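Morning, everyone. Let me put the structure up, and then we'll walk through its side-chain contacts.

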Amino acid sequence: MMRRSQLKQGAGLKHTAFKQKVPSTSTGILRVAAAERKAPARKAAMKKSRPKMMPIRKSAEGEACTLRFPCCCGDPATTVWAHSNSHKDGKGMGIKARDEEGCYACVTCHSWLDGGYAGSMPRSLVDRYFDLARHESQGVLRSKGLMKSESASVAPGTDSDQKTTY
């Protein structure tokens, strides 16, 4: 049986450097080509999927909270534009809903809605709060000229969009 000496406490291992092999030109043309190869160029940055609607988001500054959950602080200084969490409004995994589909919310209501605290209320009631707030907020956006009127934004395929021919 081979005996090994025990490491003493506090005595570290020796640091040794690894020697890098330098390719020699006499080993062949393939080795020379591999030594002269450069790293591939970086890919171009991804384009943004859609333009950001900054005017709508910025319009929330100083507005009153329209969401008005029971926890509402009502402080206009903390009001932000809260996007819808519904897939019907364009929300997806890692994708926010369209800016038109949102409402003005104070910091308390927004964190309550997005932070998962809204789970203490029935989902239908949370959706009702949000739909009322969205309707009110879209009215404010129309009065500011940041959104088209309701009659101009008719969805394609609806009855009012189709022309009648006789």
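Start with Asp99 and Arg57: their side chains meet in a salt bridge, 3.3 Å from N to O. By salt bridge I mean a side-chain nitrogen of Lys or Arg within 4 Å of a carboxyl oxygen of Asp or Glu. Asp99 sits in the loop between strand 1 and strand 2, and Arg57 in helix 2, so this pair ties together parts 42 residues apart in sequence. Helices (H or I, at least four residues) and strands (E, at least two) are DSSP runs, numbered from the N terminus.

Before going on, some ground rules. This is a predicted model, where local features need pLDDT of at least 70 and side-chain atom pairs count only at pLDDT 80 or more, while totals for chains, interfaces and linings use all residues. Residues are numbered from 1 along each chain as its sequence is written, and side-chain values use heavy atoms, with hydrogens and water left out.

Back to that pair. Is Asp99 buried or exposed? Asp99 is buried, at 1% relative accessibility. Arg57 is partly exposed, at 24%. The cut-offs are these: buried is under 20% relative accessible area, exposed is over 50%, and partly exposed is in between (1.4 Å probe, protein chains only).

How many salt bridges does a search of the whole structure find? Seven. Another one joins Arg68 and Glu136, at 2.9 Å from N to O. Arg68 is in the loop between helix 2 and strand 1, and Glu136 is in helix 4, so parts 68 residues apart in sequence are tied together. Arg68 is partly exposed at 44%, and Glu136 is partly exposed at 35%.

Next, Arg98 and Glu101 form a salt bridge at 3.6 Å, N to O. Arg98 is partly exposed at 38%; Glu101 is buried at 15%.

Now the rings. The whole-structure search finds three aromatic pairs. Rings of Phe, Tyr and Trp (its six-membered ring) pair if their centres lie within 6.5 Å; planes under 30 degrees apart are stacked, over 60 edge-to-face, and the rest tilted. Phe69 and Tyr129 have ring centres 5.1 Å apart and planes at 40°, so that pair is tilted. Phe69 is buried, at 2%, whereas Tyr129 is partly exposed, at 25%. Trp81 and Tyr104 have centres 5.1 Å apart too, but planes at 80°, so they are edge-to-face. Both of these residues are buried. Finally, Phe69, Trp112 and Tyr129 form one aromatic cluster.
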